[in-house]
Amino acid sequence: HTAAVILLAAGALPLQAAQPARPLIPVYTAAEISTRCDAELAAARKMLKAMEARKGAGNVLAELNALSIQAADFANPVYLLQNVAVDKTTRDAAQACLEKLLPFETEVYQSATLYERVKAVKAKDSIDTVYLQDLFEKFEDGGATLPVDKRKRAKEISDELERLGLDFQKNINEAGTTVTITLAEAAGMPESWIAARKRDDQGNLVLG
């Protein structure tokens, strides 16, 4: 997966290469990302609010799973495009959208109400046990158990870390650094791709 992302970022492979008739993920344009971003975030927050309004354990594990899927179905393709989109306009739109979306996870795991629902769950099997332990750690790391004033500060720190992480990744993506590989190291790549690469004076392939 990492190699595929690197090759995509280098312009090595079209997004449709694995399945010409249909990309494996939605390939949004900059305009689509910008238009959908706020609506997707609002939909996720609406789901969270509904979850917080319910009492007791109920089906909270399934609800959290559904929320995770709802958020990831849009955010993950946007995150990929932020890293591999060929045009800067799309990358910038994805970056701006992710700066809005990523702090939402902190909102979820700072919800004291939701934390109480999770604590009320009785594990039915080993899968529930592992999932609950993971959730307890996320709520505690997120600050759900902190007083309100300290919870706010924890969110500020978390949001800043998310922003710095995005900026760091953007700087890597926009860097002009090149990597040189030999023809032997490119074994398995399509001949058309190899032929399209720049060469150094020793015939090695130069990748952006």
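How many salt bridges does the structure hold? The count is 14. Keep in mind that this is a predicted model. I'll walk you through three of those pairs, then a helix, a sheet and a surface patch.

Let's start in helix α2. Arg36 and Glu40 both sit there, four residues apart, which is about one turn of the helix. They form a salt bridge, and their closest N and O atoms are 2.5 Å apart. As for cover, Arg36 is partly exposed at 33% relative accessibility, while Glu40 is buried at 17%.

Okay, next pair: Asp38 and Lys100 make a salt bridge too, with 3.0 Å between the closest N and O atoms. This one links distant parts of the chain, since Asp38 is in helix α2 and Lys100 is in helix α4, residues 88-101, and the two are 62 residues apart. Asp38 counts as partly exposed, with a relative accessible area of 42%, and Lys100 is also partly exposed, at 41%.

Now for the third. Arg117 and Glu63 meet through their side chains in a salt bridge, 2.8 Å from N to O. Arg117 belongs to helix α6 and Glu63 to helix α3, so the pair ties together parts that are 54 residues apart in sequence. Shared partners join Arg54, Glu63 and Arg117 into one salt-bridge network. Is Arg117 buried or exposed? It's buried, because its relative accessibility is 3%, and buried means under 20%. Glu63 is buried as well, at 15%.

Let's stay with α6 for a moment, residues 112-119. Its buried residues are Leu114, Tyr115, Arg117 and Val118. Looking down the axis of α6, you'd see them fall within an arc of 160°, so they line one face of the helix. And what covers them? The cover includes α2, α3, α5 and α7.

On to the sheet. β1 pairs with β3, residues 205-207, over three bridges, and Ile181 stands opposite Leu205 in β3. In the loop between β2 and β3 you'll find Asn204, which is buried at 16% relative accessible area. Beyond its close sequence neighbours, its contacts include Thr180, Ile181 and Lys198.

Last stop, the surface. Ile157, Leu161 and Leu164 form a nonpolar patch there, with about 280 Å² of accessible area together. Leu164 sits in helix α8, residues 148-174, and is partly exposed at 41%.

Conventions: Residues numbered from 1 in each chain as written. Predicted model: local features only at pLDDT ≥ 70, side-chain atom pairs only at ≥ 80, totals over all residues. Heavy atoms only, no water. Patch = residues over 30% accessible without salt bridge, like charges linked within 9 Å, V, L, I, M, F, W, Y side chains within 5 Å. Areas by Shrake-Rupley, 256 points an atom, 1.4 Å probe, with all protein chains shown as cover. Salt bridge = Lys/Arg side-chain N within 4 Å of Asp/Glu carboxyl O. Buried < 20%, exposed > 50% of the residue type's maximum accessible area, 1.4 Å probe, protein only. Pairing = 2+ DSSP bridges. Arc of directions from axis to C-beta. Contact = heavy atoms within 4.5 Å. Lists of a residue's contacts leave out its neighbours within four places in sequence.
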